[in-house]
Amino acid sequence: MISLFYNALFANGVFLNAVGLFFSFTWLWLPIVLITLFLQTWFQYVHARYITEQGSVLLELRLAKEMLKSPLSMEVVLGALSQPSVGSYLDVFFKGRIRPWFSLEMVSLGGEVHFYIWAHKKWKNVIESNIYSQFPNMEIQEVSDYTFGLEFDLTKYNLFGMQLKLNKPDVYPIKSYIEYGLDKDPKEEFKTDPITPLIEYLGSLRPGEQAWVQILIQAHKKENLKDLRVSEKPDWKKSVGKEIKKIVEEQAIFKPEEGKSLGLSSLTKEQAEVVASIQRNAGKPAFETMIRGLYIAPTEIYNPGNIAGLTGGFKQFGSEYLNSFAPKITTSFDYPWEDLTGSRLISRKKSLFYAYRRRSYFHAPYRNYGGKRFILSAEELATVFHFPGAVAATPTLVRTPSKKAEAPANIPV
C-alpha cells in the first residue's frame, strides 16, 4: 500500500511538477499573502490602540422598589445605543475606529442580583441620561469590575460556561414582551414576565457561588469596505421578504385557485402571527448580538445542578412557531474521544472566562469566539434584559431603599 502511494506521488513526477509549478508563481501569490498578513496585523494593532484609548466604565443599575414601567421603556433606552456609523475612511484605516459595542449584564454574587451596563467611557452620560429619562427613580453608580474579584484558577474554582445561538434564522424573533402582553402595562399580580425565572435562579445561589450573564451588542448595518469587507454584506432585513414569501408558499395549508397567487389569507392563525411578528421586528433597531453565561464556585461547593438553571433561564424566551435560544458551545463534551486528554476543556473554560472579562467578541483577542453572531432587535433585547417589577419577588435583587422625589419648588433660598 505504501509503495503504491509512493509511486502515485513521485514515480511519474506529477507531484514534483505540481510543486515546481506552485513555486514558479511565487511572484503572484507571495505578495498577496504578505499584504494580507500585514493588513491583519495592522488592523489588530490600530483596533487595540483605539479600544485602549476609549477606556471603559461599568455602571451598576440599582432598581427602585417600585418598577412600574414595561419593557418598552428599556427598548427606548437600547434604541439610543444603535450607532452604526464608523466615520470616514481615515478614521477606519488609520485611527482604527470601530462601531461601539456594549455589554448588558445580569450577575449573581453569592445570590445577590445586580444589573450592569459596560461601555466605553464617552458613552457614560448618554447611557445615564437615557435611563433616567425612562426610569427617573433608578440609581446609577460607576463601580469597579466584579470580574476582577476572581482569578482563573481551576485548583480553587470550577467553572461552567456557555454561549448561545438562535435555532432559526435571524428574521424569526424570539417570544418578546409583546407576546407576553407586557406592552399593555398590566397590574403586577397579572404579569407573566419571562425574565423572572432567570432572576430567581440568580437569586437562589449560595454565598461563594457566582453566575454571570453577558449580552454583548453592536449596532447592525450593511457592511462594506469601511467594515473591512471586500464583498458587501447586505442588511439582514433583505431576507425578511424572502422568509415571509417562503412561509406563504411552503407552509400555507390553503391552496389558491389556479392562476392566483398566495396571500396572507391562506395562512393559519399561528402562521399569520409569525408573519406579523417578523414584520414588526424588522421595523426596530437591530443589533449584532452574542450571549454568554458563566457559573463559578469554589470546588468544594460547586454544584453541577446549577448548570441547568443557567441554561434553562433562557427557555421562556422561545416559541415553537417563533425563535428560541440554545447553547452553541459549552464547557462540556458529548463524547469522551472529543477531549481525551482534558486539555480542550481547560482551554475552553479559560477562553470563556477571559473573553467575558474583556467583553470581547466583536474584536480581537476573542473575535467571533464560539461561532456566528446573531441579530436581535431592540424589542427582543428589551425582553431579555429589562428591570422586573414586583412580580420578581427575589429578596436578594438589589434595589434602592426608597422612592426618590424631587425637592419642592418653593423651598426658600
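**Legends to the close-up views**

View A. Arg97 is partly exposed, with a relative accessible area of 30%, on a scale where buried means under 20% relative accessible area, exposed means over 50% and partly exposed lies in between (1.4 Å probe, protein chains only). The model is predicted, so that local features need a pLDDT of at least 70 and side-chain atom pairs count only at pLDDT 80 or more, whereas totals for chains, interfaces and linings use all residues. Residues are numbered from 1 along each chain as its sequence is written, and side-chain values use heavy atoms, with hydrogens and water left out. Arg97 forms a salt bridge with Asp91, whose closest N and O atoms are 3.9 Å apart, a salt bridge being a side-chain nitrogen of Lys or Arg within 4 Å of a carboxyl oxygen of Asp or Glu. Asp91, at 14% relative accessibility, counts as buried.

View B. The structure holds 17 salt bridges, and one of them joins Arg99 to Glu223, with 2.9 Å between the closest N and O atoms. Arg99 lies in the loop between helix H5 (89–93) and strand S2, while Glu223 lies in the loop between strand S6 (210–219) and helix H8 (238–251), so the pair ties together parts that are 124 residues apart in sequence; here helices (H or I, at least four residues) and strands (E, at least two) are DSSP runs, numbered from the N terminus. Both Arg99 and Glu223 are buried. A salt bridge also links Glu105 to Arg359, with the closest N and O atoms 2.8 Å apart. Because Glu105 lies in strand S2 and Arg359 in the loop between helix H11 (343–357) and strand S9 (374–377), this pair ties together parts that are 254 residues apart in sequence. Glu105 and Arg359 are both buried. Salt bridges that share partners join Glu75, Glu179, Arg280, Lys284 and Glu379 into one network.

View C. Leu72 lies in helix H4 (residues 71–79) and is partly exposed, with a relative accessible area of 41%.

**View D. Aromatic pairs.** Rings of Phe, Tyr and Trp (its six-membered ring) pair if their centres lie within 6.5 Å, and planes under 30 degrees apart count as stacked, over 60 as edge-to-face and the rest as tilted. By this rule the count comes to 24 aromatic pairs. The rings of Trp42 and Tyr45 have centres 5.8 Å apart and planes at 50°, so this pair is tilted. Trp42 and Tyr45 are separated by about one helical turn, because they stand 3 residues apart in helix H3. Trp42 is partly exposed, with a relative accessible area of 27%, and Tyr45, at 46% relative accessibility, likewise counts as partly exposed. Trp101 and Trp118 also form a tilted pair, with 5.7 Å from centre to centre and 35° between the planes. This pair links distant parts of the chain, with Trp101 in strand S2 (residues 101–109) and Trp118 in strand S3 (residues 112–120), 17 residues apart. Both Trp101 and Trp118 are buried. Elsewhere, ring pairs link Tyr116, Tyr146, Phe152, Trp212, Phe353, Tyr354 and Tyr356 into a cluster.

**View E. Buried Asn323 and its polar contacts.** Asn323 is found in the loop between helix H10 (305–312) and strand S8 (325–330), and this residue is buried, with a relative accessible area of 0%. The side chain of Asn323 reaches the backbone nitrogen of Lys168 at 2.9 Å and the backbone oxygen of Pro169 at 3.1 Å. Such a polar contact is a pair of N or O atoms within 3.5 Å; within protein, one atom must be able to donate a hydrogen and the other to accept it, and residues adjacent in sequence count only if both atoms are side-chain atoms. Not counting residues up to four places away in sequence, Asn323 touches several residues, among them Leu166, Tyr172, Ile174 and Phe317, where contact means heavy atoms within 4.5 Å.
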